[in-house]
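Work through the exercises below with the structure in view. Each task is followed by a worked solution.

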Amino acid sequence: MRTFPEYISDLFGGIKSLLTGLSVTWKELWTKKVTQQYPENRSTLVISDRFRAELVMPHDENNEHACTACGICQMNCPNGTIQVIPKMVETEDGKKKKLLDRYVYDLGMCTFCNLCVLTCPSDAIKFTNQFENATFTRGKLVQQLNKEGSQLRAKKPAAPKTQIQTPPKEA
Amino acid sequence: MEKLTNLIEKKFPNALHVESPKLTFSIDYKELHAFISFLHSYSEHPYDYLVYLIGNDEGEILSVSYLLSCSTNPSLEIVVKTGTSDRENPLLYSITDLYETAHLNERETYAMFGIRFINNPDMRRFLLNDDWVGFPLRKDYNMDPAINPVSIISKDMVDTAPRIMETPEGLKEEIINIFEADDYIINIGPQHPSTHGVMHFRTALDGEIVKKIDVHSGYIHRGIEKLSENLTYPQILHFTDRLDYLSANINRHGLCMCVEKAADIEVPQRAQYIRTIMDELTRMSSHLLAWSAQTNDLGATTAFIYGMREREIILDIFDKTCGGRLIMNQNVIGGVMFDIYADFQKDVKAFIIYMRDKLKEYDRFFSHNVIALGRMVKIGILSKPDAISYAVTGPAGRASGWSCDVRKHQPYALYDKVEFTEVTRSEGDSYARYLNRLDEIEQSLHIIEQLIDNIPEGDYCAKTKAIIKLPVGEYYQNVEAGKGLFGVYIESRGEKTPWRLKLRSPSLSLVSVMPLICKNEKISDFIGIGGSMDYVIPDIDR
Amino acid sequence: MLQNYSQPLEFTNLTTWIDSTLGANLPSFWSIAIEMVLVAVALLAVYSLTAMILIYVERKITAFFQARIGPNRVGKYGIFQTVADVIKILLKEIIHVNKVDKFLFYAAPFFMIVASMLTFGAIPFAQGLHAVDFNIGVFYVTAVSSLGIIGVLLAGWSSNNKYSMIGAMRSGAQFVSYELSAGFALMTMVVLTGTMQLSEMIESQRFCWNIFNGHISAIVAFIIYLISGHAETNRGPFDLPEAESELTAGYHTEYSGLQFGFFYLAEYLNMFIIASIAATVFLGGWMPLQVRGWDAFNQIMWYLPSYMWFTIKVFLLIFFSLWVRWSFPRLRIDQLLNLEWKYLLPINLVNILVMVLLVLAGWTLNDIF
């Protein structure tokens, strides 16, 4: 059984702790709020450059990309998000050459693990921070990344960009 | 160790000493219980802590391996292996009477491999339904979806459990009732705001008082261990972020370290620094969410949002570093995927100052609030022996006075170079767990402070082979995740994919102890205790 | 005495005009009938309007406490948010749950709303704006507002849902206990003022609000009344009956559409009612701030109409209630009952004795000065 002084000190100690709590919320009432007003703030919204929202295949001004249709990204993808559909084209000197026909990417399946970009030997794909990917049908999430009529860039870019991206040798 | 080995050889001549990096014994299943109970009560340093229990399909035989450790010195480890060649009706002996944590693990092993354990008091399958056809982690499992079709028909809950008990007349199979006939049972979960995910507690109530809890899990079971058996090591990495998503980076660190150790890859210093700092940031974000969720469970919605507000700053730092907020994908085998960004140090230092201030605010706002104290002090007491028996690690285990921090006992990355205190308390109640988390945030800030200005220049990722093949053998790595000890076990047969991958999750232990500590507490406290244990369901289900 | 000061914006002017016009043109039976209908319509309109405003205010203030902005999509600053919500609630299907006790299930929301409406009618909103002025006003208000618990118990029982059942049982225990404290706190003030009629109570507070008049004892009673009022209206930290982190939504888990709307409305109105009674009994109700002898000051105070005074006082009390609600964690059922039976009730009993002594000894402020 508690003594009477304990009972009283419990009572007032408790009230004091409650008042301290109230003072914290009172202070909060007058501080600036942290909510971001999206989409009103679209023009000022900063999304970090490294944010992975969508896989894209950069094309230059001549509508050329760097994908050689080697299929390494497809092989490295853990859950079959990427489908590289090559076509065989005969060059002028009569040799057959494998070129990219369609590069199909299913955004709905993607886990954004970045393995495809890391392992791409020709730096043909990258992730962008364009995060507004909502669509009304799932079908729209399946995208073709190479543009209509695009071609393979003639020269490969020099030097691989990071250190671990030596491609797997077996196909 | 020598002494123990000699003693074992004398006492158990049949125990086979297997050559392995860890002290390993293989023993016939009939002698297993005696062998383990000998180790459990070994006077010099009792092996009273079961770190993992892993089932394995070795082709011919179905085996189970146990990693036993000593609660006072977790760096002492013994692996015990046993197995049976009877694939039709495999039976092994349970060690649930020695280690409570074995209970759910044995049930999981039954679901995945079909091995039943004699003397386990409740031999239902864990994670899978009782009508599941086949045992998924066996190598001969038929994956045809037609065998186990997706059903949308609601099924009645069956509250009976089969078991096999050893009696003087031989083995006896029986079916027991989990609840009494007239128990007032409510389902807390799988859709409930306070189970922190799709957890299902069948709860028998006596008025407001919890009489008995039966844990159902597996609603978010994705079979990550099975999926991993067909994926290369870099591909498996992305699963670890989806286990305990709050400790995403730490889990991934564990798997990376395990592979690096096996493949003998040297990780550059810069990468070690980045990993350690990111791990501590992850731990803070995990603890902040735990704090928020616990306060929310106790009915303080405002505190929840305050915690989220602070966590947001950490997530922004993650976002800028590795392009992910929750699922970070930062660690890769050999180092980290992305180097830190230009303002990383500035942002982190600003956060340290900010967070210290906010910790004081939390203290004022909630830690001494008389109502909060009434809801946490002396509620859900977990004693130290129980914590060890249930293998409850992390802030919850340390709140029971058990020093079990992997960062102290088996240091990895840079944890042997930094100075920090392992926060332990002896009360073992909700409040001790609550305070432990706040104190660990403070310690994390301290660790980061020591590292942030000294990040060395150099590579942030080692060069690795294009295809990583691990040499034949078994590899195991512990890390200290936000909720406790997270372990990665890989058995490699020299392929580019693992033969068996097991993820030892801390949350499973945290949930397994709930029925014990919630017994005879009020239903409101059951929710509050759940918040203080801070389990994450995908981590349990895997 | 009442009309000493010029009161240009009072509602009384309007009501007196309506009354005299009707009285002059119609037989007294019809004029009374029309007036009754008008009063009823006005009360219902004010009732729903108050609830809508309260819901908006609560959401906005809550957000500010929580570092958020709150509703801001429907209309400027989200002011039409509750209008949108009401339309949504009206359009929603009233879901028919199998295996419920249908009669009780459908009756429960009406008990809730009728109880709060009955109380609402007896509140003096402003000078002359007082639908019924009983000579036992305080008693009536206490008695009628406790009817709401029947609705809660019925809802919990008839829903055939274990969560609802636990919520209703908690609510029952909580309500019965705290009714006692609230009653005692009001009784303390009845002792001080010597009347149960709300209008007389307000009149007696003209120059000195009860909370000052009864000083120590009145302040204690005021605090106790606020605490037990919170508990009676099931608002945090006493929101156990609907504790969403434990019981999802407690007794109204199974309700949808307008039926849920009734519970929701009643909850907010109860908050308003508790605040109004507290304002009336302790803070002088609609009476403007008056100081004996300062005639010029008093005249200025009267330029702000009495309903504004009432609104300001009530709003301050509601704000306090929100502030408390969003600062504290929830109590457990045994702690809740402990608080009542081990702290509030003994303090209350002593307090009422102290008040009796104060009044008998003539130590109230009015007596001293």
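**Exercise 1.** Find how many salt bridges join domain 1 of chain B and domain 2 of chain B, and locate one that Lys81(B) forms.

*Solution.* Start with the count: there are 3 salt bridges between domain 1 of chain B and domain 2 of chain B. A salt bridge here is a side-chain nitrogen of Lys or Arg within 4 Å of a carboxyl oxygen of Asp or Glu. Next, go to Lys81(B): its salt-bridge partner is Glu474(B), with 2.4 Å between the closest N and O atoms. For the bounds, domain 1 covers 2–149 and domain 2 covers 224–539 of chain B, as set by an automatic or database domain assignment.

The model is predicted: local features need pLDDT of at least 70, side-chain atom pairs count only at pLDDT 80 or more, and totals for chains, interfaces and linings use all residues. Residues are numbered from 1 along each chain as its sequence is written, chains are lettered from A and ligands numbered from 1 in the order in which they are written, and side-chain values use heavy atoms, without hydrogens and water.

**Exercise 2.** State how many residues of each domain are in contact, and how much area the two domains bury.

*Solution.* First, the contacts (heavy atoms within 4.5 Å): 35 residues of domain 1 of chain B touch 27 residues of domain 2 of chain B. Second, the buried area (accessible area, 1.4 Å probe, that two parts lose on being put together, summed over both): the two domains bury about 2600 Å², 54% of it on carbon and sulfur atoms. Third, in domain 1 of chain B, the most area is lost by Tyr49(B), Leu137(B) and Lys139(B), together 20% of what that side buries.
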